[in-house]
Amino acid sequence: MARVYVSSVIGAPADRVWQAIRDFNALPDWVPAVRESRIEGGQPSDQVGCVRAFRLEDGGFLRERLLALSDYDYSVTYAILESPMGVESYIATLKLVPVTDGGRCFAEWTAEFDCDPAAEAELVAAIGNGVFQAAFDALKLRFGS
């Protein structure tokens, strides 16, 4: 099983950053690689079980199911249902932890998935740097670092 772990410190309180990322349909607002997103079936974007369908800037199409959302823990967990990346059993969690010294937050994004062993290193790097870190960098630009 492949694992991705990326963390960062964002220069804003966790509750402010959480308001930007808790909407499961808001990826285009803070993930640079995402062009557009919609929630299927008209469900609320914070309802566990809802499915987001989104298109990347490079034309790739993905579908993901919301597995858990906690306003108390500032965390969201989701699974990829459909993706051009060649991953299976993909589960990811994004979590914010308040840093009380200076009103910042610690952000961590993890993912585990199965894939062709020959593609594992490339996929881990692409997801870790091209998606997770790029999104954290965009959040740091928006909120400060």
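**Cavity, pocket and helix packing**

The largest cavity in this predicted model has a volume of about 70 Å³. The structure holds one cavity of 30 Å³ or more. Its lining is made up of Ile21, Arg22, Asp23, Phe24, Leu27, Trp30, Arg52, Val76, Tyr78, Leu94 and Trp109. Two elements, helix H2 (27-30) and strand S5 (75-82), each supply at least two residues of that lining. Sorted by class, the residues around the cavity are eight nonpolar and three charged, with no polar ones.

Ile21, part of the cavity lining, also belongs to the part of H1 that meets H3. Helix H1 covers residues 14-21 and helix H3 covers residues 120-143. The two pack at an angle of about 120 degrees, and their axes are 12 Å apart. An angle from 65 to 115 degrees would count as roughly perpendicular and one over 145 as roughly antiparallel; H1 and H3 are therefore oblique to each other. Their crossing is right-handed. On the H1 side the contact involves Arg16, Val17, Ala20 and Ile21, and on the H3 side Leu139, Arg142 and Phe143. The residues of this contact divide into five nonpolar and two charged, and no polar residue takes part.

H3 also has a share in the largest pocket, where H3 gives the most to the lining, with seven residues. This pocket has a volume of about 410 Å³. Its lining counts 24 residues, and Leu56, Leu62, Met85, Ile127 and Val131 lie nearest its centre. Besides H3, strand S3 (51-56), strand S4 (61-70) and S5 each supply at least two residues of the pocket lining. By class, the pocket is lined by 18 nonpolar, two polar and four charged residues.

Two elements link these parts. S5 supplies at least two residues to the lining of the largest cavity and at least two to that of the largest pocket. H3 packs against H1 and gives seven residues to the pocket lining.

Notes
Residues numbered from 1 in each chain as written. Predicted model: local features only at pLDDT ≥ 70, side-chain atom pairs only at ≥ 80, totals over all residues. Heavy atoms only, no water. 1 Å grid on protein atoms, 1.4 Å probe; cavity = no way out; pocket = protein on both sides within 12 Å on 5 of 7 lines; lining within 4 Å. Points joined across faces, edges and corners; volume = space filled by probe spheres on them. Helix = DSSP H or I, 4+ residues; strand = E, 2+ residues; numbered from the N terminus. Nonpolar A, V, L, I, M, F, W, Y, C, P; charged D, E, K, R; others polar. Axes fitted to C-alpha atoms, helices over the stretch in contact; angles between N-to-C directions. Parallel < 35°, antiparallel > 145°, perpendicular 65-115°, else oblique. Left-handed = near helix turned anticlockwise from the far one by under 90°. Contact = heavy atoms within 4.5 Å.
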